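The sequence and the model are shown first.

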Amino acid sequence: MLWALCAIFALSLPAAAQEASDDTTTVTDPAQSVSVAPVARDEEIAERILEIMKATGWFKFSRVEVKDGIVFLDGRTNSADHKLWARNLAAQTQDVVAVVNRITVVTEANWSFAPALAEIKSVGNRVVTSLPLILLAIIILPFTWWLSALAARGLRRWFLSGISSPFLRDIVARAIALPIFLLGLFVVLQVAGLTQLAVSVVGGAGVLGIVVGFAFRDIAENFLASLLLSIRRPFRSGDYIEVAGLAGSVRSMNTRSTVLLSPEGNHIQIPNATIFKSTIVNYTASANRRDTLMVGIGYDVSIARAQALILEVIGAHEAVLNEPEPMILVDDLGSSTVNVKAYYWVNARDFSILKVKSALLRQVTKRLTEEGVSMPDDAREVIFPQGVPVLQLEGAAERSALALANQEFSDEKKSATGPQATAAEVHAVEGNLGNEQVETEQATADASIPEDENDLLAEKS
């Protein structure tokens, strides 16, 4: 890039030293009126103008006719300047009243390489003349570039170490160090006499920036959003968030998008502009989360006693926090049940909300069943238009059906009230109550995502 700038400086220098082309003929008007005689006749005027035109060698098939002092010019020439010169010649001739210029300009093909060679020679002369400025640019521009990079590196290491985001540190350091290079560029332009060119380049760059901005609006919008997200940091790597209807733990963020890992193990890329403009729900910003469960008890049961039993079960669970205390409140009166809602807090970083709720529902149901608290199903009206057929069982078939029903009832009661239920059996159903998102991350640890290489959420070392 620096060599390209040097070449631009050399070719953009003022053309004061440019040599003239091989055709050094200069077309000028006659300095004064051409005198012929004290009283010039039309023939004398025509003869005198024609002789001058032929002497120049600029005209072909030239013919001059004069009537009552009016000059009529005919012929051909290959330059509009020569045609104008002939008109001025006739106008300044003695006793000429008016001029009718009918000379035709005919451009002839020029197969000579002389103009091209002359231009090449002129460019070479300008380059030779500009060698000192080129050497100055070669020295100053790389030096200021190196000095700017050195300043940016020093700023990142010693003065901007308090900024945790490497991406934000790099942006701030470059923004502060950029004037050093711009100062060197200004010095070179000032010495070369190209200050006006610099203004034009800056103006053109501004227009180009607007055009590029419209063309790559989405890319620029996502880049600015990533910069603002790096400053505000509404989430960190590993946080479980929900944004734009999508939920997952934050894996990484680049200049275009943020990568989420869903509970199903899928990697979701959401544009940073969408994240910045959407509502962000950060579930792990605080370790503690509140969850609820609903239990329906019969109208024939003491509500206070059922609340006490549920509170006892929930409060004794290892994953439920004592502060804030769990709350057991009557939430609704259903068609056949009194709906009791339990509110409790869980450390979501250590325990899974889903697994804890499953364990609590199972333990509450078991305890209420043991204490004889009824939990009836919603009342439903079933209509049999054709009546209900009744099958009368007799003899061995009847005794077999009754024995099977009694066996199933006995097994159900034993499993619900048996004293053999232990903490190990309770955990055997849900498994480890730890956060399932950690298990998902471990299961997908071998996934390769190119966007993870430039993670803007990475903390400083």
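How do the side chains of Lys366 and Glu370 meet? They form a salt bridge, with 2.5 Å from N to O; the term denotes a side-chain nitrogen of Lys or Arg within 4 Å of a carboxyl oxygen of Asp or Glu. The model is predicted, so local features need pLDDT of at least 70 and side-chain atom pairs count only at pLDDT 80 or more, while totals for chains, interfaces and linings use all residues. Residues are numbered from 1 along each chain as its sequence is written, and side-chain values use heavy atoms, leaving out hydrogens and water.

**Salt bridges**

Lys366 and Glu370 lie four residues apart in helix 11 (residues 353–370), and therefore about one helical turn separates them. Helices (H or I, at least four residues) and strands (E, at least two) are DSSP runs numbered from the N terminus. An α-helix has 3.6 residues a turn, so residues three or four places apart point the same way.

| Pair | N to O distance |
|---|---|
| Lys366 and Glu370 | 2.5 Å |
| Arg367 and Glu371 | 3.4 Å |
| Arg63 and Glu65 | 3.6 Å |

Salt bridges with shared partners join Arg63, Glu65, Lys67, Asp74 and Arg102 into one network.

Accessibility is classed as buried (under 20% relative accessible area), exposed (over 50%) or partly exposed (in between), using a 1.4 Å probe and protein chains only. Lys366 is partly exposed at 27%, as is Glu370 at 32%. Arg367 is partly exposed at 21%, and Glu371 likewise at 31%. Glu65, with 26%, is partly exposed; Arg63, with 45%, is also partly exposed.

**Helix 2**

Helix 2 comprises 15 residues (42–56) and spans 22 Å between its first and last C-alpha, close to the 21 Å expected at 1.5 Å a residue. That expected span is 1.5 Å times one less than the number of residues.

Ile45, Ala46, Ile49, Leu50, Ile52 and Met53 of helix 2 are buried. Viewed down the axis of helix 2, the buried residues fall within an arc of 160 degrees, so they line one face of the helix; the arc is that of the directions from the helix axis to the C-beta atoms. On the other side of helix 2, Glu43, Lys54 and Ala55 are exposed.

The cover over the buried residues of helix 2 includes strand 1 (60–67), strand 2 (70–77), helix 3 (80–91) and strand 3 (98–105). Gly57, which follows helix 2, has a positive phi near 75 degrees.

Technical notes:
Contact means heavy atoms within 4.5 Å.
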